[in-house]
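Hi there,

Here is the structure I promised to pass on to you. Have a look at it first, and then read my notes below with the 3D view open beside you.

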Amino acid sequence: MNGKLVDWDDAKIHVLTHAFHYGTAVFEGIRCYNTTKGPAIFRLDGHVKRLENSAKIHMMHLPFSTSDIANAIKETVRTNKIKECYIRPIVFYGYGEMGLNPRKNPVNVAIAVWPWGTYLGEEGLKKGVRCKISSWIRIDTRILPPLAKSSANYLNSVFAKLEALDCGFDEAILLNMGGSVAEGPGENIFIVKDGCLVTPPRSSGALYGLTMDSIMTLAKDLSITVVENEILRDELFMADEAFFTGTAAEVTPIREVDGRKIGSGSIGPITKKLQDKFFEVVKGKDPKYQKWLDFV
Ligand code: PPE
């Protein structure tokens, strides 16, 4: 926290922390995987860059350099001696003065790490999850900046998640203000149609995911056609395959959307191929993508 290693139980903040009241925080979600050469952080540079961009969008002055943050992330993992973990760096307006002007408060930076298994369950990862199109609309760039990974944005995700769970589904899918598919509450989305991989463009209001970016590269390298295109709800229903990507969700197949079975109703062949490749890459088994791994 703010440059010092702090024991888990002592990692506390004041109840009048600005970010706690007004959502004035930006964060990241990163995974560290165990490889044959030891623990490695997946796409660390990309995550730190996105954190800096999120801070920039929020006009928050980051009190640490890019390399300071990257090194602190590695040191936190190393110190905790865990081989596989989830990493949560957060930059937030701290304690000082209440009221909407956050600038009277210090910008704090904390990095937490903990073991985090599958996001949507083991079964979900293998066979797919059942999804509900949310009645909540993905935040629009005129309301809050969807490309920033900002704490405030996640209330939109929390509402969508709760609605999906309460309706008996595993996960939500959010449409944007234009009515086309944006993403999951914490995941990007892909569909497969006639052998072609499609994901919504940046203008859809989805967060630009590092996992999504990696999957697009892996797909191209496997000679799978990839396009960024608007996806209608109807196209989602008619897709041959569909899946989510995310640091937490990794590559999770979607087997049902609002009562419509997607493809065979289990993991599709292209999804399986990309999922297998993804796990091979993050676990350091493909030397071609070692550049994405930062050994701790
Ligand atoms: N969209 C949203 C809204 C999102 O939260 C994430 C990550 C993604 C797309 C995928 O981005 P990337 O991780 O760079 O591939 N969601 C993070 C938070 C999950 C949580 O529940 O907390 C994550 O996966 O770490």
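The ligand is surrounded by 22 residues, and the closest are Tyr86, Tyr119, Tyr154, Thr211 and Thr247. Please keep in mind that this is a predicted model. In the first, an oxygen atom of the ligand lies 3.0 Å from a polar side-chain atom of arginine 88. In another, the side chain of lysine 149 has an N or O atom that is 3.2 Å from a nitrogen atom of the ligand. Taken alone, the ligand exposes 550 Å², and the protein buries 93% of that.

Next, please turn to helix H3, which covers residues 66-80. H3 has 15 residues and reaches 22 Å from its first C-alpha to its last, close to the expected 21 Å. Which residues of H3 are buried? They are Ile69, Ala70, Ile73, Lys74, Thr76 and Val77. Seen down the axis of H3, these buried residues fall within an arc of 155°, so they line one face of the helix. As for their partners, the buried residues of H3 pack against helix H2 (44-57) and strands E2 (30-35), E3 (38-42), E4 (85-93), E5 (107-114) and E15 (293-295). After H3 comes lysine 81, with a positive phi near 50°.

One is asparagine 2, where phi is near 50° although the residue is not a glycine. Asparagine 2 sits in the segment before helix H1 (18-22), and its relative accessibility of 39% makes it partly exposed. The other is aspartate 258, again not a glycine, with phi near 45°. You will find aspartate 258 in the loop between strand E13 (250-257) and strand E14 (260-261). Aspartate 258 has 21% relative accessibility and counts as partly exposed, since buried means under 20%.

Is serine 134 buried or exposed? With a relative accessible area of 8%, serine 134 is buried. Leaving aside residues up to four places away in sequence, serine 134 touches Ala160, Glu163, Ala172, Ile173 and Leu174.

Enjoy exploring, and write back whenever you like.

Best wishes

Notes
Residues are numbered from 1 along each chain as its sequence is written. This is a predicted model: local features need pLDDT of at least 70, side-chain atom pairs count only at pLDDT 80 or more; totals for chains, interfaces and linings use all residues. Side-chain values use heavy atoms; hydrogens and water are left out. Helices (H or I, at least four residues) and strands (E, at least two) are DSSP runs, numbered from the N terminus. The expected span of a helix is 1.5 Å times one less than its number of residues. Buried means under 20% relative accessible area, exposed over 50%, partly exposed in between (1.4 Å probe, protein chains only). The arc is that of the directions from the helix axis to the C-beta atoms. Contact means heavy atoms within 4.5 Å. A residue is near a molecule or strand if one of its heavy atoms lies within 4 Å of it. A polar contact is a pair of N or O atoms within 3.5 Å; within protein, one must be able to donate a hydrogen and the other to accept it, and residues adjacent in sequence count only if both atoms are side-chain atoms. Accessible areas come from the Shrake-Rupley method with a 1.4 Å probe; for residues, only the protein chains shown count as cover.
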